[in-house]
Amino acid sequence: MKRPENRVWRVLSSEYLARRPWFTVRREKVALPNGTIVPEWYIFEFPDWINVIALTREGKFIFISQYRHAIGQTRYELTAGVIDAEDASPEAAARRELLEETGYGGGKWELFMTLSPNPTNHTNMVYTFLATDVELMAPQHTEASEDIMVHLLSRDEVRELLDEGEIIQALHAAPLWKFFAERPR
């Protein structure tokens, strides 16, 4: 199917309100193709991110759990992270994050899904990789702000978490639902 016609907004002015490592935001005045002027549109600039659906040789899903301060809860999640400037590619970042957060690596890797977190006001993309036949290779090596527990879950346990709405990170749930839709068993 063909993409819709691209109706680009014209930027009349742009100003940075904050430039921090994890919070860069700019305010723009824009003109829509129909002539409407929007005096304040906010754009959040983030680096691209990665997620990993990782399965061991035994078919166990590698999940992590960690506290998420914005919602005040500890939840199950996929391994995820930022693509650093030093990473040669999104896959290199995904491999690095999986090894750091869980100690697992190796196996076969493929790009599984690419999403925009919020195309309305986020500049970045999220690349989800499917890693199969991974194995424990090293101890965890987490950052100071990470308190991560590793969990090996069965296919049925992951599906139950999805069915019960327990995986609430949308950028993790979407590729997991795709995984189960494409691989019913």
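## What counts as a pocket

Picture a 1 Å grid laid over the protein atoms alone: a pocket is an open set of points with protein on both sides within 12 Å along at least five of seven lines, and its lining residues have an atom within 4 Å of a point. Grid points are joined across faces, edges and corners, and a volume is the space filled by probe spheres set on the points.

A word on the model: it is predicted, so local features need pLDDT of at least 70 and side-chain atom pairs count only at pLDDT 80 or more, while totals for chains, interfaces and linings use all residues. Residues are numbered from 1 along each chain as its sequence is written, and side-chain values use heavy atoms, with hydrogens and water left out.

## The second largest pocket

This one holds about 160 Å³ of space. Its lining is made of Trp 9, Val 11, Arg 26, Glu 28, Val 30, Trp 41, Ile 43, Pro 119 and Thr 120. Strand β2 gives the most, with three residues (strands are DSSP runs of E, at least two residues; helices are runs of H or I, at least four; both are numbered from the N terminus).

## The largest pocket

Here you get about 1000 Å³ of space. The largest pocket has 32 lining residues, and Trp 22, Gln 66, Arg 68, Ala 80 and Gly 81 lie nearest its centre. The largest share of the lining, four residues, comes from β5.

## Rings that pair up

Now for the aromatic side chains. Rings of Phe, Tyr and Trp (its six-membered ring) pair if their centres lie within 6.5 Å; planes under 30 degrees apart are stacked, over 60 edge-to-face, and the rest tilted. That rule gives eight aromatic pairs. Take Phe 46 and Trp 49: their ring centres are 5.6 Å apart and their planes meet at 55°, so this pair is tilted.

What about Phe 61 and Phe 180? Is their pair stacked or tilted? With centres 6.0 Å apart and planes at 15°, the pair is stacked. Phe 61 belongs to strand β5 and Phe 180 to helix α3, so the pair ties together parts that are 119 residues apart in sequence. Both Phe 61 and Phe 180 are buried (under 20% relative accessible area, with a 1.4 Å probe and protein chains only). They also form one aromatic cluster with Phe 112 and Phe 179.

## Charges over rings

A charge sits over a ring if NZ of Lys or CZ of Arg is within 6 Å of the ring centre and within 35 degrees of the ring normal. The charged end of Lys 178 does this over Phe 112, 4.5 Å from the ring centre. Arg 19 lies over the face of Tyr 16, at 3.6 Å from the ring centre.

Note on methods:
On a 1 Å grid over the protein atoms alone, a cavity is a set of points where a 1.4 Å probe fits but cannot get out, and a pocket is an open set with protein on both sides within 12 Å along at least five of seven lines; lining residues have an atom within 4 Å of a point. Buried means under 20% relative accessible area, exposed over 50%, partly exposed in between (1.4 Å probe, protein chains only).
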